Amino acid sequence: LRLILSCLFMKRKYYRNWPLFLAVALGSVSVLPAMGREPQSGLVTNSLTLEGAIRLALESNPQLRAAKSQIDSAAGRAYQSKLWSNPELELSAEDWPTGGGGFTDAKKLVGVSQTVPFPGKKKFDGRIGALGVRVNEAEYGVRRLELVREVKTAFFEMLAAGRLVEVARELVAVSESSATAARKRVQAGAAADQEQLRAEIPLEEARTELAGFERKQEISRQKLAMLLGRPDLQAAPVSGALAETANLSLLQDGPSQWLARHPSVLAARASKERAEAESRRARLEPYPDVKLGAAGGQEAGGAGSIIQFMLTVPMPIIDRSKGRKQEAQANVSVAEAELAAVEQRLLRDWRMANQRLRTAVGQVANYRERILPRANEALRLLQRGFEEGKFGFIDLLDTQRTAAQVRLAYQQKLLELNIAEADIEALMGHVPSQAMPAETIPHQTKE
């Protein structure tokens, strides 16, 4: 390519077909991606697909595993809260003589005592524990949805970064060829020095942009590997392409179809019910728990066998749990306000995500149907005009640069489209039901 362009600019009349060679050099840059988001399912030939990445994250993400373990922890607390306290074994020796008698002269008793909760307390304790399990289950669902959305976003960012790096590398190659050709034109005396400088500036800009895109690609790799909980897959390649169209049918189901079953709402509602149960439980707190006991033994000196019964009733004179009841009632108000705040936040997020998706769809369509074709056509016409001597070399460089910038911007708009759709799916609670078997996990590959 460098040889073709250098000969072209030195002796234009001998290379009338040079636009064909330049078009070939730019062809792979200007071709629009036509693949769907996931042409295959799973991990194929050590490539990670979107579905496979989601499956790995759901299996290996440490934060999600921790959230799942919290459910087991809450279930243990719920089980324990329903149990009565253990009975107490009591051994006593009373009326021990101090004037010379021994243990045999004392009254000896062996008994058992048991605290009996006031009726209804343990029922509410069990109810509170069960609601705690529901809260943790809903919070696990929230974390699961957020993880899927984050994995989708990181996967799309990685796809976009890879495509941007490809375009930037091709732009660097074209810019290097143009700079070489300009330098030879200047050396041959066919152009002024400023033409070479004008050609080298886009080359340096292209190299700078390439370095930036490569850095973003590496950041995307690290982010995706962290979400997957698999640092060994940081170098694993991804397969797929950014979708160029969105499923607008998702927007037909308004919040009334999914808001009530969203995990965030379920968690807030369970927290409210738990606060209400704790409030009712606090009302029973002043009523005392009775302690019953029975013991048997011998009278002092072994005069005979005795049986002793005990009843202990706390007297709620000083502590009537007024502060606990006030706290529990305030917690109910807090839970009600948090439930309303969660619903309002989800409705706000829905409106914003809805607008972002519709805007992204319009922008992508505008680039695909109007801006990209016009940029390519402008480049084609200028190439023809340059061959005919109507335009200068600098005009050609500027047009090439503009066309490349349009293609880079198009990839950014595709990324915005895919992320906006992922946000909508997360709000609606969509999680892929199919997943890959664990044995298809790719091993780490070297690039």
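Start by selecting Asp125 and Lys122: their side chains meet in a salt bridge, with 3.8 Å from N to O. Keep in mind that you're looking at a predicted model. Both residues sit in helix 5, three residues apart, which is about one turn of the helix. Are these two buried or exposed? Asp125 counts as buried, at 17% relative accessibility, because the cut-off for buried is under 20%. Lys122, at 24%, counts as partly exposed.

Next, select Glu209 and Arg401. Here's another salt bridge, and its closest N and O atoms are 3.3 Å apart. Which parts of the chain does this pair link? Distant ones: Glu209 belongs to helix 6 (residues 193–228) and Arg401 to helix 10, 192 residues apart. Arg401 counts as buried at 13% relative accessibility, while Glu209 is partly exposed at 23%.

Now hop over to Arg230 and Asp232. They form a salt bridge too, with 2.7 Å between the closest N and O atoms. Arg230 counts as buried, at 16% relative accessibility, and Asp232 as partly exposed, at 30%.

Time to look at whole helices. Select helix 5 (residues 121–187) along with helix 10 (residues 393–427); their axes come within 9 Å and cross at roughly 175°. Helix 5 and helix 10 are therefore roughly antiparallel to each other. If you colour their contact by class, you'll find 16 nonpolar, six polar and seven charged residues.

For a surface stop, select Leu89, Leu91, Val110 and Val112. These four form a nonpolar patch with about 420 Å² of accessible area together. Strand 1 (88–94) and strand 2 (107–116) are the elements that each give two or more residues to the patch. Zoom in on Val110, which lies in strand 2: Val110 is partly exposed, with a relative accessible area of 48%.

Finally, zoom out and show the whole chain as a cartoon. How many helices and strands does the chain have? There are 10 helices and four strands. Of the 447 residues in the chain, 42% are buried.

Conventions
Residues numbered from 1 in each chain as written. Predicted model: local features only at pLDDT ≥ 70, side-chain atom pairs only at ≥ 80, totals over all residues. Heavy atoms only, no water. Patch = residues over 30% accessible without salt bridge, like charges linked within 9 Å, V, L, I, M, F, W, Y side chains within 5 Å. Areas by Shrake-Rupley, 256 points an atom, 1.4 Å probe, with all protein chains shown as cover. Buried < 20%, exposed > 50% of the residue type's maximum accessible area, 1.4 Å probe, protein only. Axes fitted to C-alpha atoms, helices over the stretch in contact; angles between N-to-C directions. Parallel < 35°, antiparallel > 145°, perpendicular 65-115°, else oblique. Nonpolar A, V, L, I, M, F, W, Y, C, P; charged D, E, K, R; others polar.
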